[in-house]
Amino acid sequence: MDLLLWRHAEAVEGSPDGARELSARGREQARRMARWLDEHHPKALRILVSPTVRTRQTALAFTRDFEIVPSIGPEAGVADLIAAARWPEGRGACLIVGHQPTLGRLAALLLCGAEADWTIKKGALWWFNNRVREGEPQTVLRAAIPADLT
């Protein structure tokens, strides 16, 4: 299974938090990453998006074919993201468009076996793969791409 974590692009300040829109810089970050995803994304990609405006706008830069999942919103925990993605037992690939600090904590768990306060920058994408080698499950980081390098 492939699991892609895409942190929403830069958003404007404001309230309520869930209604914050992408800034001009954020719209460009989302467009650039969407172009990269369009060229490199795995087949059979299921896309799950937090219900906030900024995450939906980030995802819309790539596709309109996504599912809004309230359980992966800003207050979600790592277990919520794992359950929504069906990691690692799920088939195919899942892209989660979500928030810090949960995305960073999930990345730490996948690579180190424990949650830690890792930072995934705004608009960045981290791509993980779960595989079995010699009977042992492994998590592999395939890519960690900041928005400014796309």
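Helix H3, spanning residues 78-85, has Val78, Leu81, Ala84 and Ala85 as buried residues. These residues lie on the same side of H3, because they cover an arc of only 130° around the axis. The model is a predicted one.

**Helix H3**

- An α-helix has 3.6 residues a turn, so residues three or four places apart point the same way.
- Ala79 and Ala83 are exposed and sit on the other side of H3.
- The partners against which the buried residues of H3 pack are S1, strand S2 (45-49), strand S4 (93-98) and helix H4 (102-112).
- Arginine 86 follows H3 and has a positive phi, near 60°.

**Nonpolar cores**

- The largest nonpolar core comprises 22 residues, and Leu3 and Ile96 have the most contacts inside it.
- Two or more residues of this core come from each of S1, H3, S4, H4 and strand S5 (125-133).
- Another core, of 18 residues, lies apart from the largest one; Leu4, Ala34, Ala93 and Leu125 are among its members.
- Not counting residues up to four places away in sequence, isoleucine 96 touches Leu3, Leu4, Leu5, Trp6, Leu48, Ile72, Leu81, Ala85 and Leu103.
- Two of these partners, Leu81 and Ala85, are among the buried residues of H3.

**Helix H2**

- Helix H2 covers residues 53-60, and its buried residues are Val53, Arg54, Thr55, Thr58 and Ala59.
- The cover over these buried residues of H2 includes S1, helix H1 (24-40), S2 and S4.
- S1, S2 and S4 also pack against the buried residues of H3.

**Aspartate 2**

- Aspartate 2 belongs to strand S1, which runs over residues 2-7.
- The residue is buried but has no salt bridge, and arginine 142, the nearest side chain of opposite charge, is 4.1 Å away.
- The side chain of aspartate 2 has a polar contact of 2.9 Å with the side chain of tryptophan 127.
- Its side chain also has a polar contact with that of asparagine 129, at 3.0 Å.
- Beyond its neighbours within four places in sequence, aspartate 2 is in contact with Pro42, Trp87, Gly92, Ala93, Cys94, Trp127, Phe128, Asn129 and Arg142.

Methods
Residues are numbered from 1 along each chain as its sequence is written. This is a predicted model: local features need pLDDT of at least 70, side-chain atom pairs count only at pLDDT 80 or more; totals for chains, interfaces and linings use all residues. Side-chain values use heavy atoms; hydrogens and water are left out. Helices (H or I, at least four residues) and strands (E, at least two) are DSSP runs, numbered from the N terminus. Buried means under 20% relative accessible area, exposed over 50%, partly exposed in between (1.4 Å probe, protein chains only). Lys and Arg count as positive and Asp and Glu as negative; His and the chain ends are not counted. A salt bridge is a side-chain nitrogen of Lys or Arg within 4 Å of a carboxyl oxygen of Asp or Glu. A polar contact is a pair of N or O atoms within 3.5 Å; within protein, one must be able to donate a hydrogen and the other to accept it, and residues adjacent in sequence count only if both atoms are side-chain atoms. Contact means heavy atoms within 4.5 Å. The arc is that of the directions from the helix axis to the C-beta atoms. A nonpolar core is a set of buried Ala, Val, Leu, Ile, Met, Phe, Trp, Tyr and Cys residues joined through side-chain atoms within 4.5 Å.
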